[in-house]
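Here are a few exercises to work through with the model open beside you. Take each task first, then compare your steps with the solution.

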Amino acid sequence: MKWLCVILTKKIGCHLWELSTMIPKKVKTFPYPYIIEHRMLSGYKSKNNIKDSYRLLKLQEGCSLDDVKNSFTNLAKQYHPDSGSITADSTTFVQIEEAYRTVLSDVAKKMKSSESEDEEETKFKSKAPQHRQYLSFEGVGFGTPSQRERQYKQFRVDRAAEQVMEYRKQKLESQYAMNAMIAKDIRQSKKVKITQAIDRLVEDLIQESMAKGDFDNLSGKGKPLQKFSYCPHIDPMTHNLNRILIDNGYQPEWILMQKEIRETIEELRKNIVASRNKLGEPMTPCRQKQWSQICEQLIEDIKKLNKRINDFNLIVPILNRQMVHFNADKEIARAQAAYEILMEKTKSIDVDTKENEQEKVKIFRLKSSFLKWINLILFSGIRNFG
């Protein structure tokens, strides 16, 4: 069997050598990259229309090779199955790749009209990225593998620096929160110590006064506490507690809130009347704009006050003490009316002032004419006497 295999090998080798001698010498094989690039330029025919391909790559006709490359890079990062993105989809990526080849071929054909074929192929080879390069380096960078490797190293350095800064930021925030909690605990403990010290001091003073006999001759010693006989609907303990609270100036929350609401609305009314009086007349476009801003601010304040009224109505114990909402439009009209009344009073005061001034002028003129007449009589009498 060995000799049979040797003989067959020799015969097959001779036949292959004879066939190789029959191939013309002028026929030369092209390198592999050139075949791929040539196929991409002329041999590849996409099933999609050129306009659809531009639309799929989010480009417009007449764009450059850099625009095509950048668009394909971004879409490959989003839809490549190995990119790890949420939107990764193999079907969509195949469509994007076909559109990329179609657009790239169309751009190359348009460039052939202005440049020679050799220069166009050289530029295209240097700028045409293959989608396989995005399977490594986390899809970062563009260009040759060595260029992409350097870009990826720089990307890792930047990402590490960002992570270090984020870690330091979180560490400082946690440390600040811890320091704030410690300071709060220290303040709370000091407050408790001060309160306890005051309680002990008061207790010591009471015990000292009891030892001196200051509480022996108090009025009402040994007698029961005075009860309110005019309110039989509440038990004596509650009445006594209410009396103690009232004597010490305590007021219920709803009373304080009612007082606050009334003071707030009065303050708002005074402010809007003062603002209207400050603008004066006539109302120019600039002043009208200022008045509109003042009214808008009043509307916002009224809304806040109405929310406060809602809270008041929830806690007020008496139904007839509940309050209604204030109307911003009515308050603005009220301020305008108050301003008009004030202007009328001012005008009447000005008229009275002018009348008084006129009367004073008349009296002054009469006095001056009377004095002139007396001087004239005296002067004539002196002349006759002389």
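**Exercise 1.** At what angle do H9 and H10 pack, and how far apart are their axes?

*Solution.* A note before we start: this is a predicted model, where local features need pLDDT of at least 70, side-chain atom pairs count only at pLDDT 80 or more, and totals for chains, interfaces and linings use all residues. Residues are numbered from 1 along each chain as its sequence is written, and side-chain values use heavy atoms, with hydrogens and water left out.

Step 1: the angle between H9 and H10 is about 170°, and their axes lie 10 Å apart. Step 2: H9 is therefore roughly antiparallel to H10 (over 145 degrees; axes are lines fitted to C-alpha atoms, for helices over the stretch in contact, with angles from 0 to 180 degrees between N-to-C directions). Helices here are DSSP runs (H or I, at least four residues), numbered from the N terminus.

**Exercise 2.** Which residues have the most contacts inside the largest nonpolar core?

*Solution.* Step 1: recall that such a core joins buried Ala, Val, Leu, Ile, Met, Phe, Trp, Tyr and Cys residues through side-chain atoms within 4.5 Å; buried means under 20% relative accessible area, exposed over 50% (1.4 Å probe, protein chains only). Step 2: the core has 20 residues, and the answer is Ile261, Ile302, Phe312 and Phe326. Step 3: helices H9 (253–279), H10 (285–315) and H11 (328–385) each give two or more residues to it.

**Exercise 3.** Is Cys286 buried or exposed, and what about Cys295?

*Solution.* Cys286 is exposed because its relative accessible area is 51%. Cys295, at 10%, is buried.

How values were computed:
Angles under 35 degrees count as roughly parallel, over 145 as roughly antiparallel, 65 to 115 as roughly perpendicular and the rest as oblique.
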